[in-house]
Amino acid sequence: MDIVQVGGLLDPVNAELVRRSIREAAGRGTTAVVIQLDSSAASVPLAKIASLGRLISTSPVPVTVWVGPTGTGRAVGAAFSLVAGADVAGMAEGTRIGRQTGSIPAGAGAARQSVGGSGGAPLRNRTVGTDEARRLGLVQIVAPTLSDFIGQLDGLEVKGRTISTAQSKSPFVLRDDLDIRFRKPGLVDRTLHGLGSPSATYFFVVAGLLLLLFEFFSAGIGIAAGTGAGCLALSAYGLGTLGTRPLGLGLVLLATVAFGVDIQAGSPRFWTGLGTVALVIGSLTMFESGRPGWLALVLVIVGALLAVLFGIPSTVRTRFSTPTIGREDLVGAIGTATTAIDPEGTVEVRGAPWRARTFPKPIAVGDRIKVVAIEGLVLEVIPEGTELEPSRAESRQSRRSGG
């Protein structure tokens, strides 16, 4: 028995997993295919969902669907078509199915008589729980766990086959020779599935644009720009599969430009307000296949505003600010030799590096120094704790007075 786990967005990765599993089941001696389903949104076109329905109806191997886990499982929208088209369908308590999109696949299916065959769509705009789903004939089994669902499949006649899964029913024990194989996407497909969710794609788009904006103002060495470009590259799969609306994406781009205008001006004004409105509306309307989760929306929007109001301006001010000090105030200041001074070298005074020279004895790296005079941009220093020779002091005084 093959267990196909389909969770989250019903995207091309999950759709291909279902298709491949059903096609390969016939050649592997599979008793039945069980799709473990929990999905509330899809990014694949209805035509592809319809083709999956036809594949289920024509498969020689029974295809069943169980909606779980208990309390949180969903089969809504396009995922509902898999439930309605399955040979046998089941739900866990507390799960819901419905909001039918498109027509139910013709052929074998739990809901063929009540929904598909009649041509109606009683669940077009609503979802139902286990009790009403059974009353409508949408599911035959209510099972709290996947193993319990597999056990209740025992003895059912489907497509001319008798499904045998249990060696005893009271208590329930699975057959010893029943080989259960879990079918999951490969590493690359799992990565694409994760990146292709609305929340992940939305995060990478906004983060990438903000990093490029930061690089534009920071005049750095390209690290932020490279990271931003990487974020936008990671968002490419989701942008291509989620049905990105040009208006929503354009508003997010407009927000980035608007934020940049006020960052350049140095304070938040009209453009910051316009950018905030554009970012919120663009975030809510970016994708046709569903918006990002509320937590992702709040975190990204708040994070973006903190970055453009405080983070980027603060970094830019720090990077381009030029500390100014009166040079004469440095006379008498204490610092540290950062290189050997013999007779010239480098010292650090009040957090800034300076060229320096000393007479007559050299100063070692790390020694404390005292500034005794300034000539141009060069400090004249002596070791801390020593006194300037009278002849040297007179010479410096003479140079200052022009004598």
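Phenylalanine 203 is partly exposed, with 43% relative accessible area. Buried here means under 20% relative accessible area, exposed means over 50%, and partly exposed lies in between (1.4 Å probe, protein chains only). This is a predicted model, where local features need pLDDT of at least 70, side-chain atom pairs count only at pLDDT 80 or more, and totals for chains, interfaces and linings use all residues. Residues are numbered from 1 along each chain as its sequence is written, and side-chain values use heavy atoms, with hydrogens and water left out.

Phenylalanine 204 is buried, at 16% relative accessibility. The ring centres of phenylalanine 203 and phenylalanine 204 lie 5.4 Å apart, with planes at 65 degrees, so this pair is edge-to-face. Rings of Phe, Tyr and Trp (its six-membered ring) pair if their centres lie within 6.5 Å; planes under 30 degrees apart are stacked, over 60 edge-to-face, and the rest tilted. A second pair joins phenylalanine 270 and tryptophan 271: the centres are 5.5 Å apart and the planes stand at 75 degrees, so it is edge-to-face. Phenylalanine 270 is exposed, at 58% relative accessibility. Tryptophan 271 is partly exposed, at 35%. The count of aromatic pairs comes to 3.

Now turn to helix 8. Helix 8 covers residues 198-218, 21 residues in total. Helices (H or I, at least four residues) and strands (E, at least two) are DSSP runs, numbered from the N terminus. From first C-alpha to last, helix 8 reaches 30 Å, close to the 30 Å expected at 1.5 Å a residue. That expected span is 1.5 Å times one less than the number of residues. Helix 8 is mostly covered, with 15 of its 21 residues buried.

Threonine 201 sits in helix 8. Its relative accessible area is 0%, so threonine 201 is buried. What does threonine 201 contact, leaving aside its neighbours within four places in sequence? The partners are Leu195, Gly196, Ser235, Gly238, Leu239, Leu242 and Phe287. Contact means heavy atoms within 4.5 Å.

Charged pairs come next. Side chains of opposite charge can pair when their charged atoms come close. A salt bridge is a side-chain nitrogen of Lys or Arg within 4 Å of a carboxyl oxygen of Asp or Glu. The whole structure holds 14 salt bridges.

One of them links arginine 20 to glutamate 16, with the closest N and O atoms 3.8 Å apart. Both residues lie in helix 1 (residues 12-25), 4 residues apart, about one turn of the helix. Arginine 20 is partly exposed, at 25% relative accessible area. Glutamate 16 is also partly exposed, at 24%.

Another salt bridge joins arginine 183 and glutamate 24, at 2.8 Å from N to O. Arginine 183 lies in strand 13 (residues 181-183) and glutamate 24 in helix 1, so the pair ties together parts 159 residues apart in sequence. Arginine 183 is buried, at 12% relative accessibility. Glutamate 24 is partly exposed, at 34%.

A further bridge connects glutamate 375 and arginine 357, whose closest N and O atoms are 2.6 Å apart. Glutamate 375 belongs to strand 17 (residues 368-375) and arginine 357 to strand 16 (residues 352-357), so this pair ties together parts 18 residues apart in sequence. Glutamate 375 is partly exposed, at 28%. Arginine 357 is buried, at 16%. Salt bridges that share partners join Glu344, Arg355, Arg357, Glu375 and Glu380 into one network.

Glutamate 344 leads on to strand 15. In a regular strand the side chains alternate between the two faces of the sheet. Which residues make up the covered face of strand 15 (residues 344-349)? Gly345, Val347 and Val349 do, while Glu344, Thr346 and Glu348 form the uncovered face.

Strand 15 has partners. Two strands pair if DSSP finds at least two bridges between them. Strand 14 (residues 334-337) and strand 15 run antiparallel, joined by 3 bridges. Alanine 337 stands opposite valine 347.

Strand 15 and strand 16 form a hairpin with 2 residues between them. In that turn, arginine 350 has a positive phi of about 55 degrees.
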